[in-house]
Amino acid sequence: MARPQKRYVCQACGSVATRWQGQCADCGEWNTMVEEASNVTVFSAKHNLRTGGQAIAMVGLDADIPLPKRWSTGIAEFDRAMGGGIVPGSATLIGGDPGIGKSTLLLQAAARMALAGQRVAYISGEEAADQVRLRARRLGLGQAPVQLASATSVRDILTTLEKAAPSLLVIDSIQTMHSDLIEGAPGTVSQVRASAQELIRFAKERGTALVLVGHVTKDGAIAGPRVLEHMVDTVLSFEGERSHQYRILRAVKNRFGGTDEIGVFAMAEGGLDEVANPSALFLTARGEGVSGATVFPAMEGTRPVLVEIQALVVRLQSGATPRRAVVGWDSGRLAMILAVLEARCGLSFSTAEVYLNIAGGYRVSDPAADMAVAAALVSALAERPVPTDSIIYGEVALSGEVRPVAHANLRLKEAAKLGFGKAWGPAAKGEKQAGVKIENFGTLGALVDHILGRQ
């Protein structure tokens, strides 16, 4: 019998090495290599793998198959991010910063499903059952028939649930689970992978919807091996700033739906409240004559969200180094917009500090925000306010051309619903919206001339 080989596994990225080393060769982290016993014996195969196995039943790609059944959680914003609800037998991983509200959201969803008649089990590896019960009472969900338990052994959990599998199983969190089939402490790469595999296998065999809570690293990525995200069907990211009340539930991966939808929540005394109109949350009350502020209709999936972009330009004395500070937008894209304004429009920001902020702590990644950012910068530089009833959208090229953007009609519809009467954007076919006057700009220079009144 061959002697088992020792191996060392990186606890940050899951890389495997045959000898210990201080720094992982793949991710560069220090002191993350941990020895793990290998149960696999290396040997040379003596049998032909083309015979001796069982035949696999093949089906045609054009075979009829019904759409997967979905269970509503009772929280419309949660269902929206999931693609319409939870699919029985699916595995979902939700990650987010500590204290962002992951456990609160899942407890609310579990309680509402239990009140609707579903059998729900909530297993906490970080809190005692009494702590979870007290939080449920604070949320007004103390009467929900949710089965609570505090356990970390995967064997004990599956043995308990084997007799009567629940419709929904919540594991909070996967980093605290432990499998006695694998050596190592909870939270290590091998333990997280093995525990998740056993729980997912149980969910697939019994038709239980499994939701795993995952810790995140200081960089915001889900802790543990990357293969964990490949094993599950859906990966959700719960985002938000602690200084702001809003929270966004975003689907990063979804095998049963799209990844272009978000759910918006607001943290209140009674837990997480749904926000049916996110635009009202991210728009601030602006008075007339305020320069450097524009409104941009961002797209989150099929949902338009109006956000306010604020810019401040401060002139400096000669010789001082100007500063560029950005909150909620890409700093590299800001540098590009400033370069286009200087090269194509004749505006100089070299002797001024530039500050850019997305109101409400919102993060914008839509390239259609280029024109709104440029308008805010020009308005702040010239101290000429943009009309408060106007929205601005459009992607800016390095040539100074303003390019059309997707879903223009949805952006205009949301603006009209919130009382905006004007829209500045690129010329595009099919743009029409009753109540909104559209003014098209083909180049960024034309927008600058319009703001500065140089026509």
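Reader: How many helices and strands are there in the protein?
Author: Heads-up: this is a predicted model, where local features need pLDDT of at least 70, side-chain atom pairs count only at pLDDT 80 or more, and totals for chains, interfaces and linings use all residues. Residues are numbered from 1 along each chain as its sequence is written, and side-chain values use heavy atoms, with hydrogens and water left out. Helices (H or I, at least four residues) and strands (E, at least two) are DSSP runs, numbered from the N terminus. On that basis the protein has eleven helices and 21 strands.

Reader: What percentage of the 455 residues is buried?
Author: For scale, the C-alpha atoms fill a box of roughly 85 × 55 × 50 Å along the principal axes. With a 1.4 Å probe and protein chains only, buried means under 20% relative accessible area, exposed means over 50%, and partly exposed is in between. Of the 455 residues, the buried share is 46%.

Reader: Take the contacts with a separation of 6 or more; what percentage comes from residues 24 or more positions apart?
Author: A contact here is heavy atoms within 4.5 Å. Among contacts with a separation of 6 or more, the part made by residues 24 or more positions apart is 65%.

Reader: Which strands stand at the edges of the open sheet of four strands, and why is one side of each left without a neighbour?
Author: Two strands pair if DSSP finds at least two bridges between them, and this sheet runs β13-β14-β16-β15 with mixed pairing. The edge strands have a single partner each, so one side of each lacks a neighbour in the sheet: they are β13 (293-300) and β15 (324-327).

Reader: Which residue in β16 stands opposite Val-326?
Author: β15 and β16 (residues 352-358) run parallel and are joined by four bridges. Across from Val-326 you'll find Leu-356.

Reader: Which strands does helix α9 touch as it packs on the sheet?
Author: Helix α9 covers residues 370-382, and its direction makes about 30° with that of β14 (303-315). The strands in touch with α9 are β13, β14 and β16.

Reader: Why is α8 called oblique to α9, and how far apart are their axes?
Author: Under 35 degrees counts as roughly parallel, over 145 as roughly antiparallel, 65 to 115 as roughly perpendicular and the rest as oblique. Helix α8 (residues 331-345) packs on α9 at about 60°, which makes the pair oblique. Their axes are separated by 10 Å.

Reader: What does the angle make α8 relative to α11, oblique or roughly perpendicular?
Author: α8 and helix α11 (residues 444-452) pack at about 85°, with axes 10 Å apart. That makes α8, relative to α11, roughly perpendicular.

Reader: Does Glu-261 count as buried or exposed, and at what relative accessibility?
Author: Glu-261 is in the loop between β10 (246-254) and β11 (262-268). Beyond neighbours within four places in sequence, its contacts include Arg-80, Arg-250 and Glu-300. Glu-261 counts as buried, because its relative accessibility is 15%.

Reader: How far apart are the C-alpha atoms of Glu-274 and Val-264?
Author: Glu-274 is in strand β12 (residues 271-274) and is partly exposed, at 36%. Val-264 is ten residues away along the chain, and the C-alpha separation is 6.3 Å.

Reader: Which peptide bond is cis, with omega near 5°?
Author: Most peptide bonds are trans, and most residues other than glycine have a negative phi. Ser-173, in the loop between β7 (168-172) and α5 (189-206), takes part in the cis bond, which runs from Asp-172 to Ser-173.

Reader: What is the phi of Asn-31?
Author: Asn-31 is in the loop between β2 (16-17) and β3 (33-37), and is exposed at 62%. Although Asn-31 is not a glycine, its phi is positive, at about 55°.

Notes
Axes fitted to C-alpha atoms, helices over the stretch in contact; angles between N-to-C directions.
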